[in-house]
Amino acid sequence: MRLNQASDFALRILMLLASEDDPMTIDAVATRLSLVKSHIMKITAKLAQAGFVETQRGRNGGILLGRTPDQISVGDVVRLIEADFAIVECMKAETSTCTFMPQCLLRGVVHNAANAFLAVLDDCTLDQLIIAKVD
């Protein structure tokens, strides 16, 4: 299974914010992560809507975590960002043209594999991914 680039970016944004004490501007995040500002803005908006980050306007504004790192599951972030987990054609029942439908046995196996993948991500929280700060 492969995650899209936006999931990678979202996780890196959260990891960076978890390692900082103060809010960060979008520009600062873009510079630190070498990412395009427009991507960060789009992803941050989604993360904010879900409560993973908070945004503050004004002179001392920026983005910061909306929850403590131990309350942010990697699986929850991936589910938020990924469009779907239809790994094979038959998992998209409404658009599937598979001749083996509706009895497709592959569908169940792949569904179980996707669930196992997500279960591993659910067991990992953001605090497990960040390196302790050195003062």
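**Core packing and salt bridges in the predicted model**

At 9% relative accessibility, serine 73 counts as buried, where buried means under 20% relative accessible area, exposed over 50%, and partly exposed in between (1.4 Å probe, protein chains only). The model is predicted, with local features requiring pLDDT of at least 70 and side-chain atom pairs counted only at pLDDT 80 or more, while totals for chains, interfaces and linings use all residues. Residues are numbered from 1 along each chain as its sequence is written, and side-chain values use heavy atoms, with hydrogens and water left out.

Serine 73 is located in the loop between β2 and α4; helices (H or I, at least four residues) and strands (E, at least two) are DSSP runs numbered from the N terminus. A polar atom of the serine 73 side chain lies 3.1 Å from the backbone nitrogen of glycine 75. With residues up to four places away in sequence not counted, serine 73 touches Leu121, Asp122, Cys124 and Thr125, contact being defined as heavy atoms within 4.5 Å.

Valine 74 belongs to helix α4 and is buried, with a relative accessible area of 7%. The contacts of valine 74, again without residues up to four places away in sequence, are Leu11, Leu121, Cys124 and Leu129. Valine 74 and leucine 121 are separated by 47 residues in sequence, but their C-alpha atoms are 5.3 Å apart in space.

In soluble globular proteins, nonpolar side chains tend to be buried together. A nonpolar core is here a set of buried Ala, Val, Leu, Ile, Met, Phe, Trp, Tyr and Cys residues joined through side-chain atoms within 4.5 Å. The largest such core has 31 residues, and those with the most contacts inside it are Ile13, Leu14, Val29, Leu47 and Val77. Two or more residues of this core come from each of α1 (5–18), α2 (26–33), α3 (37–49), β2 (62–65), α4 (74–81) and α5 (105–122). The most is given by α1, with eight residues. Valine 29 touches Ile13, Leu16, Met24, Ile40 and Ile63, not counting residues up to four places away in sequence.

Side chains of opposite charge can pair when their charged atoms come close. A salt bridge is taken as a side-chain nitrogen of Lys or Arg within 4 Å of a carboxyl oxygen of Asp or Glu, and by this rule the count comes to five salt bridges. One of them joins aspartate 27 and lysine 37, with the closest N and O atoms 3.2 Å apart. Aspartate 27 lies in helix α2 and lysine 37 in helix α3, so this pair ties together parts that are ten residues apart in sequence. Aspartate 27 is partly exposed at a relative accessible area of 44%, and lysine 37 is partly exposed at 39%.

Arginine 79 takes part in a salt bridge with aspartate 76 (3.9 Å, N to O). Both residues lie in helix α4, three residues apart, about one turn of the helix. Arginine 79 counts as partly exposed at 36% relative accessibility, and aspartate 76 is also partly exposed at 36%. A salt bridge also forms between aspartate 122 and arginine 79, with the closest N and O atoms 2.6 Å apart. This pair links distant parts of the chain, with aspartate 122 in helix α5 and arginine 79 in helix α4, 43 residues apart. Aspartate 122 counts as partly exposed at 32% relative accessibility. Through shared partners, salt bridges join Asp76, Arg79 and Asp122 into one network.

Conventions:
A polar contact is a pair of N or O atoms within 3.5 Å; within protein, one must be able to donate a hydrogen and the other to accept it, and residues adjacent in sequence count only if both atoms are side-chain atoms.
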